[in-house]
Amino acid sequence: MDWSLILTNALTAMVGLDTVIFALAAIGLNVHFGYTGLLNFGQAAFLAVAGYGLAISVAEFELPTLVGVAVGLLGAVVLALLLGAPTLRLRADYLAIVTIAAAEIVRLLFRSVSLSEYTGGSDGLGRFAEGFYSINPLGPGEYGLGPLEFDERQTWVLSVGWTLIGLSCLLVFLLMRSPWGRVLKAIREDEDAVRSLGKNVFSYKLQSLVLGGVLGCLAGFMTAWGRAVVQPDNFSTDTTFYAYTIVILGGAARVFGPVVGAAIFWALLSLTDNILTQAKSAGYISDSILTTFQIGQVRIMLVGLGLMALMIFRPQGLFGDRRELALDAR
Amino acid sequence: MRHAVRAVIGGLLAALCVLLLPGAAVAAGETVQGRLQNAGEALEGVTITVATVDGQSVGEAVTDAEGAFVIPVPEAGDYVVTLDEETLPERVAIREGRSASITLPVAVDQQRSVLFPLGEGTRNVQSDLDRLPQLAVEGLNFGLIIALAAVGLSLIYGTTGLVNFAHGELITLGALLAYLFNVTMGIQLVPAALLAVVASALLGGVQDRVLWRPLRKKGTGLIAMLVVTIGLALFLRGLFLYQFGGSTAPYDDYQGQTGYDLGPVTIAPKDLISMGICIVMLLAVAYALLRTRIGKATRAVSDNPALAASSGIDVERVISTVWVAGAGLAGLAGILLALAQQVSFQLGFQILLLVFAGVTLGGLGTAFGALVGSLVVGIFTQVSTIFVPTELKNAGALAILILILLVRPQGILGRAERVG
């Protein structure tokens with residue numbers, strides 16, 4: 001068992017692409033779920049719309065990257081309005097079902113053969129990321145921090161990603177201590193009380209959905225650039241479920257909760273993966289108990305168990321405040 | 001309630017009448033299939049070949065009088081489907097700038113549809129009403145299976161308020177248990193299925209006892225419990241994949257039946273029997289809800305748990321019964337679905353959203369609404385393939401769900417005050 005390799009991999013995962021993507025997705029989800037109490041189970045759709053908006057603009061219509069980003073952002077806003085207008089008047093559990101259905105519709109559309117002329121069907125789209133990498137100020141080479149090493153492309157993606165995370169956290173922090181943010185939190189606590197104070201609850205919820213969606217769409221851009229390809233199955237419902245686990249793990253309604261949650265989440269997954277793989281190759285675990293193929297499944301099971309245990313025993317997560325939880329309110 | 005019941009019984013009678021007509025076998029295993037049409041006219045005698053991405057030929061077919069072709073492929077993976085342009089009629093061609101070869105992945109147990117870009121604007125002109133009866137019967141079959149699962153989901157929601165995202169795994173569990181008894185242990189499918197349904201029901205009761213009842217006692221919020229069901233679904237799906245693997249497999253019995261040719265439709269005997277079983281079970285549930293003590297108690301608890309408890313009904317016992325019955329029905333739905341398709345670890349997960357669509361369409365928490373909603377969803381999904389590409393049929397059903405919620409958020413049979 002090479003423990004230094006296992007630890008290095010876990011550290012790499014903590015700052016790596018998956019952490020960046022899911023931290024951004026979870027920051028957006030935190031605005032919906034943590035601050036406003038909206039049960040949005042369609043966060044993956046925002047990532048998909050942003051990623052595909054960018055990819056289709058650049059790869060199919062040969063537009064500049066910045067225009068692609070604008071298309072992606074616009075797509076996320078439009079999706080939030082389309083999703084929010086009919087559903088935000090419904091009760092929380094209805095909203096959950098409708099958003100999860102909408103996210104599946106979006107994924108199926110991007111997957112479909114009939115639209116594959118533009119979307120590449122289930123293979124997805126590539127050849128759009130060069131514009132992003134061409135403005136990379138770093139020369140070729142290895143860049144590192146302590147035991148971590150990345151090539152110039154990874155370093156560029158991760159720098160942009162962590163900058164976006166920093167800015168998003170700052171934005172959420174500033175907004176949530178503003179009067180506007182206090183209204184959101186009040187809606188989470190008691191919608192009717194807010195309504196009786198003359199606030200337009202529906203409008204605030206819609207604004208929250210748009211804000212969280214736009215933050216989530218940054219995760220879509222990072223998915224597209226980081227992997228240099230967008231595929232519909234990157235945006236399945238499991239993506240949303242993982243983001244929920246991360247928000248709850250870090251602590252809902254905490255500015256840095258999603259970021260810490262994402263780092264710990266992916267570090268833990270990397271640890272279990274690496275420890276199991278190494279234990280297998282060292283012969284500690286026989287094939288009758290666990291084949292190499294089954295390691296991935298153990299990981300899914302752990303995420304599931306972790307989510308259940310968190311929700312049952314520590315719904316406020318690591319850093320959350322139990323009093324700041326909409327979960328038990330209705 | 002009376003009104004709803006009459007509607008349901010009417011619907012079931014209508015269903016019985018359609019049953020006397022015909023239906024279709026659902027193909028088993030991975031296939032590549034499609035229909036060649038140009039301007040609404042079927043193209044017969046066109047050669048289609050399928051090869052692996054390495055160029056190894058897997059199968060070849062010539063389109064029939066309806067322009068349809070089905071080519072089975074050995075396993076999930078990427079395949080290149082090629083249309084032989086030489087065999088196309090003179091006035092039809094592959095559209096300019098498009099290729100006659102399409103590379104596509106076939107997922108586990110997927111009947112992958114291929115659309116070749118023929119002529120001009122051929123995609124939306126598939127208005128052949130000849131397919132309607134066949135599709136309607138297939139849809140009815142599918143809808144009945146969804147209804148079996150949906151009734152349980154709806155009853156659990158009605159009595160406890162729990163939105164159970166792990167219900168799909170109850171469906172899969174039934175199918176996997178039947179596979180265990182049938183294929184691994186070699187018991188004939190009918191007794192194996194009976195055993196599996198009983199085991200599913202018992203495990204449903206156990207699940208309630210060890211997980212949900214303690215959480216209810218603890219006063220855990222409904223939204224928190226919803227998130228717990230998601231965790232449970234992830235865990236169980238991982239466990240199924242761990243145990244069963246990612247491939248699909250058929251049961252040992254009743255495979256490859258030739259369909260009865262009944263007028264405009266063909267239906268395999270197993271599908272007819274499956275529909276019969278669904279209808280009998282659903283009628284039994286309806287009878288139990290309307291005529292038995294425990295059924296009446298269930299409806300009372302759905303209506304108002306506090307009032308039910310204060311009038312002497314043992315609410316916990318009702319909830320236990322509902323879990324046992326709901327899990328048993330879901331398990332049965334899984335077995336019937338696996339009989340029509342094949343067993344796979346994500347059998348239930350794949351139809352979970354359609355089950356939710358059925359339940360929500362009918363009105364959350366109303367058992368009869370779930371029935372009607374599921375039939376609507378099932379039939380709509382199949383019939384919509386006349387207008388939309390097959391791979392988008394589920395998206396269509398989900399879109400209808402959202403649209404109906406816009407107009408009538410309480411669902412078809414729900415009451416207005418149920419939605420906040």
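The legends below describe close-up views of a predicted model. Local features need pLDDT of at least 70 and side-chain atom pairs count only at pLDDT 80 or more, while totals for chains, interfaces and linings use all residues. Residues are numbered from 1 along each chain as its sequence is written, with chains lettered from A and ligands numbered from 1 in the order in which they are written.

**View 1. Overview of chain B.** Chain B holds 12 helices and 11 strands; these are DSSP runs (helices H or I, at least four residues; strands E, at least two) numbered from the N terminus. Of its 420 residues, 49% count as buried. A residue is buried if 20 or more other C-beta atoms lie within 10 Å of its own, exposed if 12 or fewer, and partly exposed in between, with C-beta atoms placed from the backbone. Among contacts in chain B between residues at least 6 apart in sequence, 76% join residues at least 24 apart; a contact means C-beta atoms, placed from the backbone, within 7 Å.

**View 2. Helices H10 and H11 of chain B.** H10(B) (residues 347–362) and H11(B) (residues 367–383) pack at about 125°, with axes 7 Å apart. Axes are lines fitted to C-alpha atoms, for helices over the stretch in contact, and angles run from 0 to 180 degrees between N-to-C directions. This angle makes H10(B) oblique to H11(B) (under 35 degrees is roughly parallel, over 145 roughly antiparallel, 65 to 115 roughly perpendicular, the rest oblique). The crossing of H10(B) past H11(B) is right-handed; that is, the near helix is turned clockwise from the far one by less than a right angle, anticlockwise being left-handed. Residues of H10(B) in the contact include B:Leu354, B:Ala357 and B:Gly358, and those of H11(B) include B:Ala370, B:Leu371 and B:Ser374. By class, the contact of H10(B) with H11(B) has 9 nonpolar, 6 polar and no charged residues. Ala, Val, Leu, Ile, Met, Phe, Trp, Tyr, Cys and Pro count as nonpolar, Asp, Glu, Lys and Arg as charged, and the others, Gly among them, as polar.

**View 3. Helices H3 and H9 of chain B.** The axes of H3(B) (residues 167–184) and H9(B) (residues 315–340) come within 7 Å and cross at roughly 60°. The two helices are therefore oblique to each other, and H3(B) passes H9(B) in a right-handed crossing. Among the contact residues are B:Leu170, B:Ile171 and B:Gly174 of H3(B), and B:Gly331, B:Leu332 and B:Ile335 of H9(B). The contact of H3(B) with H9(B) has 13 nonpolar, 5 polar and no charged residues.

**View 4. The largest nonpolar core.** A nonpolar core is a set of buried Ala, Val, Leu, Ile, Met, Phe, Trp, Tyr and Cys residues joined through C-beta atoms within 7 Å. Of the 205 residues in the largest one, A:Leu24, A:Ala101, B:Ala147, B:Leu148 and B:Val151 touch the most other members. Helix H2 of chain B (residues 132–160) gives the most to this core, with 17 residues. Not counting residues up to four places away in sequence, B:Ala147 touches B:Cys278, B:Leu282, B:Gly358, B:Ala370, B:Leu371, B:Ser374 and B:Leu375.

**View 5. The side of chain B that touches chain A.** Here 42 residues of chain B are in contact with 41 residues of chain A. The largest share of the chain B side, 15 residues, comes from H5(B). The residues of this side divide into 32 nonpolar, 7 polar and 3 charged.

**View 6. Surroundings of B:Thr49.** B:Thr49 is in strand S4 (residues 47–52) of chain B. With 16 other C-beta atoms within 10 Å, B:Thr49 is partly exposed. Leaving aside neighbours within four places in sequence, B:Thr49 is in contact with B:Ser57, B:Glu60, B:Thr82 and B:Asp84.

Technical notes: Contact = placed C-beta atoms within 7 Å.
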